[in-house]
Amino acid sequence: MTDEYRFSEIEPKWQAAWEKDGAFNTPNPGQPGFDASRQKFYCLDMFPYPSGAGLHVGHPEGYTATDIICRYKRMRGLNVLHPMGWDAFGLPAEQYAIRTGVHPSITTREAIDNFRRQLQRFGFSYDWSREFGTIDDDYYRWTQWIFLRIYNAWYDTNARRARPIAELIDELQSGRRLACGNPDGSEPVRRDSGEQQQRRWSELSELEQRKIIDSYRLAYVGEQTVNWCPKLGTALANEEVIDGKSERGGFPVFRKPMRQWMFRITAYGERLLDDLTLVDWPESTKKRQIDWIGRSDGAEIDFPLSGVADCSALRVFTTRPDTIFGATYMVVAPEHALVEALLKHPLPDTDVPRLRDYVAAARNRSDLERKESREKTGVFIGAYATNPFTKQRIPVWTADYVLAGYGTGAIMAVPAHDERDFEFAAAFDLPIRDVVYPRPVLAMRYYAENAQPEEAEGSAWIDVMADFMGLTVTSDCPLDQFAGQLRVVRARRAEHPQTPQSPADPAPATAVNRRGSIHMTWRDAIESMNFVDFADMAATLHHGGYYARLGRAYSGNGHAVNSSGPDISIDGLLTEFAKNAVIKHAETSGIGAARTQFKLRDWLFSRQRYWGEPFPIVWDERGHHHAVAESCLPVRLPEMADYAPEESDDPRPLLAKAAAWVNTTAGDAGVRGLPAGAAVRRETNTMPGWAGSCWYYIRFADPKNNERFVGRAAEQYWLRDGVDLYIGGEEHAVLHLLYARFWHKVLFDLGEVSTPEPFRKLFHQGLITSFAYQRADRSLVPMDEVDTPRDGEFIERATGQPVRQIIAKMSKSLKNVINPDDIIASYGADTFRLYEMGMGPLEASKPWNTRDIIGPHRFLQRVWRLVVTQDEDSPDGWRLNPRIAQARNDSVERLLHKTIKKVQNDIESFSFHTAISQMIVFSNEAPKPDSIGRDQIERLLVVLAPFAPHITEELWQRLGHADSVHAQPWPAYDETLTRDATVEVLVQVNGKKRGHLLVAPDAADHDVIDAAQALEAVAKEIAGRPIKKSFVAKGRLVNLIV
RNA sequence: GCGAAAGUGGCGGAAUGGCAGACGCGCCAGACUUAGGAUCUGGUGGGGCAACCCGUGGGGGUUCGAGUCCCCCCUUUCGCACCA
């Protein structure tokens, strides 16, 4: 070898050596080589979905970051678990297989092999002995096992945790629990209408018992309106639908009722929300989960219906029970059962054809159309309800602005205090009645009722009222002091009769002026209402028509007004108290109760696809589901030649085609509790792609375990406090990260894992984007069709027209996709790693620019030459750089300590780009002195090793070491050596730079000030004037004020 | 519409309230080389011969001192979007 840095020889050489030695394999507790005295560090990458296209430059960004951290943590003496695997079931693999005509098990294996090969070229320090894919029998066997654990569990709302179904049966049998369906179940189980018909468990038929038990299961079969995507041939979870299109592929999605496996994730809504306080996650991600879970506190209240068959009351959910006196009409979703009932048995006022048309139109309206047009539409359904507080008869409408899936699918409309209701009321001329006033409107109303007769004449009232509103608002006075405040206003007006005409009015007395400004504000507000005269104003407020007049709803808090009924009055109460009063009254009179709603829906877990985990479930001839025994897992996918979807509106699962697999016997399927010969049909749905990623981080702790999904000791060691660092893309903020938390919590409740949260610290790497070019008409030009004659100037070659450089996602059509293999071939993996880590902050999205790669490459060449030099006389063609000496160089030593400190701190704070720049500074300075200590260059190599593992290992070896640079302890730095012996202090006069001083870093302030004054340029500037004040920022700057 | 983040040289980016632009690219000059550059050295925000002046999206403010803190506005990106 010569003096050249031959990365293409060095990198494969060391990769092979590390693999041979198992250099980064980590023993588990109890295994040889395990050191229990060391702290653990579980560092996890979001494992990739191996696509046929191979690795993208975005993948190694997060992986390099975790690799640096892991190598660093090992040097700091921690036991590091750093695994890698493959998320390989799911739609994309299946669609790729369909396109290529090759079975997904083959294409997926090929894609995995390719991904592994590509990843290994980066020299990542994964423990490859723990590698697995979600499609491995050994793995999905346990995915199915966990499904059964969830299936055989129920949520005890009193204990706030999941419990085994056996304990539920025990409670039911012993009579400790009422023998009725799950009252909190969201699936449409026929709720035993007469709860009084309490029967004993033993009196129920087996069928009845089964129904009750099933209604409690955390995994249940529900008939629900789901998101059906004909193009993909499967239903999708809510989380997989974005703007009415499928998250994968962007195909249209329609609503369709289907019988599906669901997970009762809603039972965990509150804990999924509350436990976000336990984790160290980006605020934005927490917020997205909070929004997705969407908790709202309010009440359910029944409004009696008159004359509707089968339906005596309409139940609504509201977060503003305090506004119930303003509920002037009701709205139900077009899908609501009441609409259906009225279509069957119309009332005299029901316009059946119109109603039928509206419901049909609403059903066919996609989410997308709904979003585009927010025009309020609706139809009166002919029914009337009674507002239980005002006792007034109010009409019931149906409108698609009320969603069937939220709350009860019905609302009480309070147009004065809800924007949507206001728009609807305005469109259909429904009454709008104020029931909440904030302080100023309250003051207005008070004045309207208490004006003196002479004020009511003409327009004098406007000035008095403006003053009164201003005073009551600024003094925040309670209602019972309004009378006194009004007297104050009148007294002041008597003293200062002249009202300022504008805020800028140059009235001398500031008190008058201040009053003037506030006065004008309120005067403007009053005048903008366009009241004809006092009587008009007074009448508007008297009848609660203020917001109708204003033209918009007021949805804030305030005092209840116009809120007295035959049974109860809440007038004057502040919103929070008014809410409580209404709820209390509703509870005591049996028409309602406090209720918390979640936006989160139960998780649709069935897919009608081939390439996924089969459910360990069979159906008997009576249509009952049965679990496959744990000992008979896994349930393997049948071999199928034809797994292409038929694009259709008929959601028939693909596996149904595999008749020989589907039709089996209880004995063959491994179902207990049925005769072995009983004919059963296997469940033909498969699990969604998310299933495998819900628990892979647990399996990594003990991937070869055949007895359990994870060994107890391994779980308790590696997952104590959860995964210590989890790095991956932000796009999984509500999908994978919510699902995995849910599974983890169920396993926690059932005693299978020991922590409530899976991922303690989460970090999102930014997107690697690329440049693209845009014409004046905003159309895009591929990257290779643009010339750059001058910096910052871009010309489209074909037309000669200037184009604009923009940042865009990498895409094939823009020809700006980067293949990591090409970059590694040209520059090596170490350069690639340094380039990507040096681009900028890890969390920021940043554009790839191949032109810049040469920078980090030059840096590595410089490091190479620091150690190795060409020597034709030597047998190998090289020798150590003769500058390397035994004695340390002092200035290099200080810089080295600075460098170690900065790199260490920057790694800890994920600030890799500034760590790299510091090492470049070192490499720029280190060649300057005549010699450099051998241990100095060695310490640099150790510090650089996590970033550039191959070149440092090679140079470490050439320096004569038999061990690995990656096994070295992290070098210590001495704080005193990180500071310079003398510092240059900036001297300012009146904040302007006037000179510099060289002083000791701890020089006394007065000495620095004296020295500063002595400077010629400073003396000239001061010109004998006295120094009024001076500031010293130690070791940085001195500022003299004259 | 609501919410969050971000706007700094030709480009990527740096900067505990204390010399704006570290470091890298590019560019300029020079060196080595038959040559080349994936080599080396030096320079490089703008204006001015210079002293000096101007510069962190725009406008105000706090401060001895603001890219950094506060208020208003503009732009971009990303979420959410009839959730009662």
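Residue R939 is found in helix α33, which covers residues 934-944; helices here are DSSP runs of H or I with at least four residues, strands are runs of E with at least two, and both are numbered from the N terminus. The model is predicted, so that local features need pLDDT of at least 70 and side-chain atom pairs count only at pLDDT 80 or more, whereas totals for chains, interfaces and linings use all residues. Residues are numbered from 1 along each chain as its sequence is written, chains are lettered from A and ligands numbered from 1 in the order in which they are written, and side-chain values use heavy atoms, with hydrogens and water left out.

With a relative accessibility of 14%, R939 counts as buried; the term buried stands for under 20% relative accessible area, exposed for over 50%, and partly exposed for values in between (1.4 Å probe, protein chains only). The side chains of R939 and D935 are joined by a polar contact of 2.9 Å. Such a contact is a pair of N or O atoms within 3.5 Å; within protein, one must be able to donate a hydrogen and the other to accept it, and residues adjacent in sequence count only if both atoms are side-chain atoms.

Chain A as a whole contains 36 helices and 39 strands. Its C-alpha trace spans about 110 × 105 × 65 Å along the principal axes, and 54% of its 1042 residues are buried.

RNA strand B is surrounded by 50 residues, of which T319, R374, Y406, R420 and R858 are the closest; a residue is near the strand if one of its heavy atoms lies within 4 Å of it. In the side chain of R858, an N or O atom is 2.5 Å from a phosphate oxygen of the RNA, and in that of Q861 the corresponding distance is 3.5 Å. By class, the surface has 19 nonpolar, 16 polar and 15 charged residues, where Ala, Val, Leu, Ile, Met, Phe, Trp, Tyr, Cys and Pro count as nonpolar, Asp, Glu, Lys and Arg as charged, and the others, Gly among them, as polar.

Aromatic pairs number 71, the rings of Phe, Tyr and Trp (its six-membered ring) being paired if their centres lie within 6.5 Å, with planes under 30 degrees apart counted as stacked, over 60 as edge-to-face and the rest as tilted. One of them joins F124 and Y126, whose ring centres are 5.7 Å apart and whose planes meet at 70°, so this pair is edge-to-face. Both F124 and Y126 are buried. The pair of W603 and F605 is also edge-to-face, because its planes stand at 85°, with the centres 5.1 Å apart; W603 and F605 are buried too.

No disulfide is found in the whole structure, a disulfide being a pair of cysteine sulfur atoms within 2.5 Å. The sulfur of C70 has its closest cysteine sulfur in C43, at 3.5 Å, which is too far for a bond. C70 is buried, at 0% relative accessibility, whereas C632 is partly exposed, at 36%.
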